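Please read the points below with the sequence and the model open beside you. They are meant as a colleague's comments, taken one topic at a time.

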Amino acid sequence: MNDTTQLARRDSNSINRAEPERTEQRVTLSPAVDVIENAHGVTLWADLPGVPRENLEIRVQDGNLRIEASANIPTREGLRLQHAEVRVPHFARSFTLGPEFDTSKIEAKLQDGVLKLSIPRREEARPRRIEVAVD
Amino acid sequence: MSDLYFTTDLFSQFDRLHQQMATLFGGYPSSIRSDRLSAFPQINIGTTDDTIDIVAFAPGIDPKQLEVSIDKGLLTIAGERAAVTPDASDEAARHYARERFSGAFRRVIELPQHADPDKVEARYVNGCLCITVGKRESSRPRAITVQ
C-alpha cells in the first residue's frame, strides 16, 4: 500500500458509534485484522467470532470497503448472563482502498469465524521491471 | 438479539473508559483476574436452571487443537493460534496490520460447587467454542409445597 491507501486505525476492541446517517444507533465492535500486501494485492484477515455467512455484509463504494457482521450464537431458553467480555454482537469496520486495487475482483472467504479478503491489484498497477535498452 | 449479550450499551461505555484509563496509566496489572479487554479468547458465561453455558470467542482455530479440561472444579480452555505469515519466498510481502492474537493461550474458569464435571459438552461453531456444563440434580430449583 502506498500513500493513497490508508488503513483505518484501530484501538483494541474499540467501540464505535454507528455512522450518523443510519437511523438506528447501533454500537459495534471493531474486529481485529491482519493485513499483508504483496505484489499481487492485499490480503486481509478479520476475526468475526460467531458470525454465520448470512450475517456478513461486505460493501465497496467509492474506494471504501466496509465490513459489517452480526454474531449469532444459539442460546438456551432462560439464559441469564453472569459474566461478559464481549458485550455487543455487532462488528463493523471500514477501510480505504487506493485506486490501484481492482474492487470487482475481491474474493471473500469466511471460515471458523475468520474472514479472509483477497483484494487484487489492477494488472497495470502491479510492480514490474523495466528493461533498460543499451545501444 | 441473542440473550448472550447485554442489550444496553452502558457497559461498553465503561469498557471504553476503562481502556482509556489503562492506556494512560501503563500496563501494570491491577488484579489477579485477567483483563477482559486483552485476554484471548474472550469469554461470556451464562446460566440456566440446569446448565452453565460458557462461550469462548476463539475464531480461526482447528477444533482438534483446542483442549478443554476440568480438574478440581476448574475448567481450562487451552490451545494455540498460528499467526498468518507471508510466504518466505515472497520478498515484496509486507505486514500492514497485526492486530489478531497469535500464539498459545490458556484461560481458566472456576466452576461453582453445584457444577457436574461428568456432564460437559463442547462444540465449536463459527469460531466460537460453546461449552455446556450440567448442574447437579440437587441444585435444581424446585418449589416447596407449603403444608
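1. Leaving aside its neighbours within four places in sequence, with which residues is Arg121(A) in contact? Those residues are His40(A), Gly41(A), Glu100(A), Phe101(A), Asp102(A) and Arg126(A), where contact means that the C-beta atoms, placed from the backbone, lie within 7 Å.

2. Please keep in mind that this is a predicted model, in which local features need pLDDT of at least 70 and side-chain atom pairs count only at pLDDT 80 or more, while totals for chains, interfaces and linings use all residues. Residues are numbered from 1 along each chain as its sequence is written, and chains are lettered from A and ligands numbered from 1 in the order in which they are written.

3. Arg121(A) lies in the segment after strand S10 (114–120) of chain A, strands being DSSP runs of E with at least two residues, numbered from the N terminus.

4. An open sheet is formed by five strands in the order S7(A)-S1(B)-S2(B)-S8(B)-S7(B), with antiparallel pairing; two strands pair if DSSP finds at least two bridges between them. Strand S7 (80–84) of chain A and strand S7 (115–125) of chain B stand at the edges with a single partner strand each, so one side of each has no neighbour in the sheet.

5. Within chain B, strands S1 (residues 42–47) and S2 (residues 51–57) run antiparallel and are joined by six bridges, and Thr47(B) stands opposite Ile52(B) in S2(B).

Note on methods
Helix = DSSP H or I, 4+ residues; strand = E, 2+ residues; numbered from the N terminus. Contact = placed C-beta atoms within 7 Å.
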